[in-house]
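Please open the model in a viewer and keep the selection panel at hand.

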Amino acid sequence: MSGVTYDYMEQYLRALIPSNIGIIKDLEDFALENRVPIVQKETAKFLELMITMNRPKKILELGTAIGYSAILMNLTSGGISEITTIERDEKMIEIAKSNIQKYGLQNKITILEGNCLEILENLQDEYDMIFIDAGKGHYNHFLPHCLRLLKKEGVLIADNVLFRGMVASKKIATRRKVTIIKRMQTYLELVSSNNELITSVIPMGDGISVTIRRNKVSSKEE
Ligand SMILES: C[S@@+](CC[C@H](N)C(=O)[O-])C[C@H]1O[C@@H](n2cnc3c(N)ncnc32)[C@H](O)[C@@H]1O
């Protein structure tokens with residue numbers, strides 16, 4: 001299982017989540033059959049919760065794959081959320097575009113084609129929500145850009161931050177993943193230690209972090 005929590009806990013929590021139907025189920029089936037990594041069931045539910053609570057108008061996603069999470073977020077918002085999503089893999093881009101077209105969401109979901117870091121460097125818009133789900137070894141490099149692009153009241157969500165539990169324990173870390181692990185630890189340390197941010201790390205799915213800006217205390221009150 002994921003290595004992030006106890007197997008029995010994961011199985012129990014996952015079993016509580018009702019199966020999807022329609023578009024979302026079709027995309028899940030495609031991802032499973034074609035071994036495309038998409039957000040885990042409990043992470044998808046968490047995204048639904050965040051979208052419904054925060055009602056973000058503009059969302060930036062890093063990592064489109066087949067468009068599953070982008071489509072899920074748009075549908076959850078009742079079509080209100082406009083999503084800009086970044087993907088570098090040509091095959092994935094082709095499938096995501098066809099899915100977005102198939103469900104008539106081309107005015108709501110825009111794919112930016114290329115490497116997240118290069119695209120982030122050139123983005124100027126501001127977003128109500130940013131979801132990081134690409135390039136596990138680069139979250140710490142994405143962070144300054146994400147904070148620059150995040151609205152004052154915005155929410156920054158990152159998936160895979162515990163990376164099969166390896167981020168939290170040297171005992172289960174494999175040598176090949178050392179760089180990813182170290183960089184992910186740096187990301188978590190940065191978002192946790194920054195006094196201007198509030199971050200909560202949730203040991204669910206592959207580990208999710210949620211970061212918001214702390215409201216600044218006015219100088220009179222300090
Ligand atoms: C986990 S998948 C995204 C899944 C998607 N968010 C979902 O749940 O439906 C990660 C995707 O990010 C892409 N990716 C990885 N590193 C990237 C990078 N540096 N720039 C752009 N895309 C990247 C991969 O090609 C892959 O399709």
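At what angle do helix H2 (residues 22-33) and helix H4 (residues 68-76) pack, and how far apart are their axes? Select both helices in this predicted model: they pack at an angle of about 170°, and their axes are 10 Å apart. Because an angle over 145 degrees counts as roughly antiparallel, H2 is roughly antiparallel to H4. Next, show the side chains at the contact. H2 contributes Ile23, Ile24, Leu27 and Glu28, while H4 contributes Tyr68, Ile71, Leu72 and Leu75. Coloured by class, this contact of H2 with H4 shows seven nonpolar residues, one charged residue and no polar ones.

On the H3 side, select Ala44, Leu47, Glu48, Ile51 and Thr52; on the H4 side, select Tyr68, Ser69, Leu72, Met73 and Thr76. Sorted by class, the contact of H3 with H4 has six nonpolar, three polar and one charged residues. Tyr68 and Leu72 of H4 take part here and also in the contact with H2.

Now move to helix H7 (residues 139-149) and helix H8 (residues 178-193). Their axes cross at roughly 35° and come within 8 Å. In H7, select Tyr139, Asn140, His141 and Leu143; these meet Arg183, Met184, Thr186, Tyr187, Leu190 and Val191 in H8. The contact of H7 with H8 comprises six nonpolar, three polar and one charged residues.

Finally, centre the view on the ligand. Which residues are closest to the ligand? Of the 19 residues that surround the ligand, the closest are Val39, Gly63, Ser69, Glu87 and Asp133.

- Val39: a backbone N or O atom lies 2.9 Å from an oxygen atom of the ligand.
- Ser69: an N or O atom in the side chain is 2.8 Å from a nitrogen atom of the ligand.
- Arg88: a polar backbone atom is 3.3 Å from a nitrogen atom of the ligand.

Conventions: Residues are numbered from 1 along each chain as its sequence is written. This is a predicted model: local features need pLDDT of at least 70, side-chain atom pairs count only at pLDDT 80 or more; totals for chains, interfaces and linings use all residues. Side-chain values use heavy atoms; hydrogens and water are left out. Axes are lines fitted to C-alpha atoms, for helices over the stretch in contact, and angles run from 0 to 180 degrees between N-to-C directions. Helices (H or I, at least four residues) and strands (E, at least two) are DSSP runs, numbered from the N terminus. Angles under 35 degrees count as roughly parallel, over 145 as roughly antiparallel, 65 to 115 as roughly perpendicular and the rest as oblique. Contact means heavy atoms within 4.5 Å. Ala, Val, Leu, Ile, Met, Phe, Trp, Tyr, Cys and Pro count as nonpolar, Asp, Glu, Lys and Arg as charged, and the others, Gly among them, as polar. A residue is near a molecule or strand if one of its heavy atoms lies within 4 Å of it. A polar contact is a pair of N or O atoms within 3.5 Å; within protein, one must be able to donate a hydrogen and the other to accept it, and residues adjacent in sequence count only if both atoms are side-chain atoms.
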